[in-house]
Amino acid sequence: LIMVFYGSNGKSNPVSMENKVEHQAKNQITYDIHLPSDLGMLYKVRLGLQSLENSTSQLSLCHFKMQNTSTLDTFSLTINKTLPPSLNGDRWIEFPIEWPLKEALSVVTYQLTVFSRNILSERNLVHMTACIHGTHGDTGDRSLLWSLQNVQQGEDNESFLVIVDAVELGELDKVVLLISSKTDCQLDIKKLHVKEAVKKHPIYVFEVNEAFSVDANKPEIQREIPISFVIQDDKQKYSIDNNLYKEGSQARNLTEYTIKVYTGDKRGAGTDANVHIILFGNDDKSEVFQLSHSLEHQDPFERGKVDTFKIKTKKLGSLHSIEIGHDGKGFASGWFLEKVEITDASKNSVYCFNCNRWLAEDEGDGSTIVQLYPYLLDF
């Protein structure tokens, strides 16, 4: 049995119970564990088995109790779960820690959908895990091939659903894949979708688009996949007050952003729908801006064209994401957005937000709004 403890300042290394001082009574074992003092306030515990290799036994966990020997603060929880739930199942469970007068996080069921070409045909020989990361920590390495649901197979593509129970992660930012195999093979992975099971949105999309050459005699392959974009609820309605800005001291606190929008060079890529954008920074987020007055073209967002817009808003700090989309109005409103480039005049920084997808109700996943994440072109 091993444990990982999460605090407000980070997480502990896996703590193995094998070499810890133990006090054993009937159906009960007490361990003395020394955690780093800089973890901060503990908010989550993950319990797991060291390895499932050559294991045919299961461990039933009934109750968990933890006490800080200095403050005597105590946390207690009835678990009543078995590790692993099946002989080749997920070897981890995790739960939030509830302290008096401190709001605890909740346990969430995540749905991770894998889009690939040939994993299903190799599943009995391949070991593949994913660790989902968010603002509230990570899930640890979870097996992707032990319990597949909603399996769909086509001639040149396939997808399957994996269920991951974890303490809520907040906003997701990356997935780390670990891949190994008992035989040499090549696995072609297209993308990953992650969302909460009880919600339709948001859907976090991680574009992979890589063929992994797995060698049975070499160490496992590790690949960190950053977030590509987030699909939001396209039924959201937006409004904007165009009279936000006043003369005087308020104007001096505004920052000008130059926004270049690249429409793809594909048949039907342009749109006449109403396009909006929201900027998210480390310090604040902007209001909703309607992008209607292009500096280059009277009719913006035409196929293969670049449109430039200038906006002024409060200081946002460094940009970490944008939301962009349209209201779906007009004939053939579908839009293929290639990318967005934003220049922050106050910092002379240029952020590039790649999209390369349709925002259309009749294309792909049917969403007309996405959230995009940048990389800096200039400093």
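Which residue forms a salt bridge with E94, and how far apart are the closest N and O atoms? The views below start from the domains and then reach that pair. The model shown is predicted.

**View 1. Three domains along the protein chain.** The domain assignment places domain 1 at 2-96. Domain 2 covers 107-231, and domain 3 covers 254-375. The centres of domain 1 and domain 2, taken over C-alpha atoms, are separated by 25 Å.

**View 2. The two PLAT ranges listed by UniProt.** An unreviewed UniProt entry gives "domain: PLAT" for residues 108-226 and 255-373. Residues 108-226 are 65% strand and 3% helix. The C-alpha atoms at the ends of that range lie 21 Å apart. Residues 255-373 are 50% strand and 0% helix. Here the end C-alpha atoms are 20 Å apart.

**View 3. The interface of domain 1 and domain 2.** On the domain 1 side, 14 residues are in contact with 13 residues of domain 2. The size of an interface is often given as the accessible area lost when the parts come together. Between domain 1 and domain 2 the buried area is about 1000 Å². Carbon and sulfur atoms give 50% of that area. Nine residue pairs are in polar contact between the two domains, both residues at pLDDT 80 or more. Two elements each give two or more residues to the side of domain 1 that touches domain 2: strand 6 (42-48) and strand 9 (92-96). Strand 9 supplies the largest share, four residues. By type, the residues on this side of domain 1 are six nonpolar, three polar and five charged.

**View 4. Salt bridges at E94.** Side chains of opposite charge can pair when their charged atoms come close. Three salt bridges are counted between domain 1 and domain 2. Across the whole structure, the search finds 14. E94 also forms a salt bridge with K44. For E94 and K44 the closest N and O atoms are 3.0 Å apart. This pair links distant parts of the chain. E94 sits in strand 9 and K44 in strand 6, 50 residues apart.

**View 5. A cis peptide bond between L83 and P84.** Omega of this bond is about -20°. P84 belongs to the loop between strand 8 (74-83) and strand 9.

**View 6. A cis peptide bond from H201 to P202.** Omega is near 0° for this bond. P202 is placed in the loop between strand 17 (185-196) and strand 18 (203-214).

**View 7. Positive phi at N209.** N209 is a residue other than glycine, yet its phi is positive, near 50°. N209 is part of strand 18.

How values were computed:
Residues are numbered from 1 along each chain as its sequence is written. This is a predicted model: local features need pLDDT of at least 70, side-chain atom pairs count only at pLDDT 80 or more; totals for chains, interfaces and linings use all residues. Side-chain values use heavy atoms; hydrogens and water are left out. UniProt positions are given in the numbering used here, feature names are shortened, and annotations may be inferred rather than shown by experiment. Domain bounds come from an automatic or database domain assignment. Contact means heavy atoms within 4.5 Å. Buried area is the accessible area (1.4 Å probe) that two parts lose on being put together, summed over both. A salt bridge is a side-chain nitrogen of Lys or Arg within 4 Å of a carboxyl oxygen of Asp or Glu. A polar contact is a pair of N or O atoms within 3.5 Å; within protein, one must be able to donate a hydrogen and the other to accept it, and residues adjacent in sequence count only if both atoms are side-chain atoms. Ala, Val, Leu, Ile, Met, Phe, Trp, Tyr, Cys and Pro count as nonpolar, Asp, Glu, Lys and Arg as charged, and the others, Gly among them, as polar.
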